[in-house]
Amino acid sequence: MTNQEVIVYSKNSCSNCSTAKMFLKMRNIEFEERNIDLNPEYREVAEATGLMSMPIIVAYDHEPFSYNIKQFTEVFGDLD
């Protein structure tokens with residue numbers, strides 16, 4: 001992964017996943033979605049982060065994090 005990539009590990013029927021993806025789209029930030037329900041390899045990578053809630057966001061040079069508005073705005077900025 002280069003330091004400019006954003007990856008969102010998501011799962012089906014996850015409202016926080018939908019919210020995080022919506023906020024990224026509103027900021028015109030390109031991201032790759034990796035659905036853990038559809039691909040067991042993605043599930044293994046997501047579980048290896050040690051985070052317990054979805055989505056798990058891997059962005060730039062930051063440590064992976066689960067979605068929360070404070071962390072999200074620290075990494076991606078406020079909406080203008």
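P55 is found in the loop between α2 (40-48) and β3, where helices (H or I, at least four residues) and strands (E, at least two) are DSSP runs numbered from the N terminus. The peptide bond that leads from M54 to P55 is cis, its omega being near 0 degrees. This is a predicted model, in which local features need pLDDT of at least 70 and side-chain atom pairs count only at pLDDT 80 or more, while totals for chains, interfaces and linings use all residues. Residues are numbered from 1 along each chain as its sequence is written, and side-chain values use heavy atoms, with hydrogens and water left out.

Another loop, the one between α1 and β2, holds N28. N28 is not a glycine, yet its phi is positive, at about 60 degrees.

The strands come next. Four of them form an open sheet in the order β2-β1-β3-β4, with mixed pairing; two strands pair if DSSP finds at least two bridges between them. β2 (32-35) and β4 (65-66) stand at the edges and have a single partner strand each, so one side of each lacks a neighbour in the sheet. β1 (residues 6-10) pairs with β2 in the parallel sense, over four bridges. Across this pairing, Y9 stands opposite R34 in β2, and S10 stands opposite N35 in β2.

Helix α1 (residues 15-26) packs on the sheet and touches β1, β2 and β3 (56-59), contact meaning heavy atoms within 4.5 Å. The direction of α1 makes about 160 degrees with that of β1; axes are lines fitted to C-alpha atoms, for helices over the stretch in contact, and angles run from 0 to 180 degrees between N-to-C directions. Together, β1, α1 and β2 make a right-handed β-α-β unit, meaning that, with the strands pointing away from the viewer, the path from the first strand over the helix to the second runs clockwise.

α1 also meets helix α3 (residues 69-76): their axes come within 12 Å and cross at roughly 25 degrees. The two helices α1 and α3 are therefore roughly parallel to each other, a term for angles under 35 degrees. On the α1 side the contact is made by A20, F23 and L24, and on the α3 side by I69, F72 and F76. The residues of this contact divide into six nonpolar, no polar and no charged; Ala, Val, Leu, Ile, Met, Phe, Trp, Tyr, Cys and Pro count as nonpolar, Asp, Glu, Lys and Arg as charged, and the others, Gly among them, as polar.

Notes
Angles under 35 degrees count as roughly parallel, over 145 as roughly antiparallel, 65 to 115 as roughly perpendicular and the rest as oblique.
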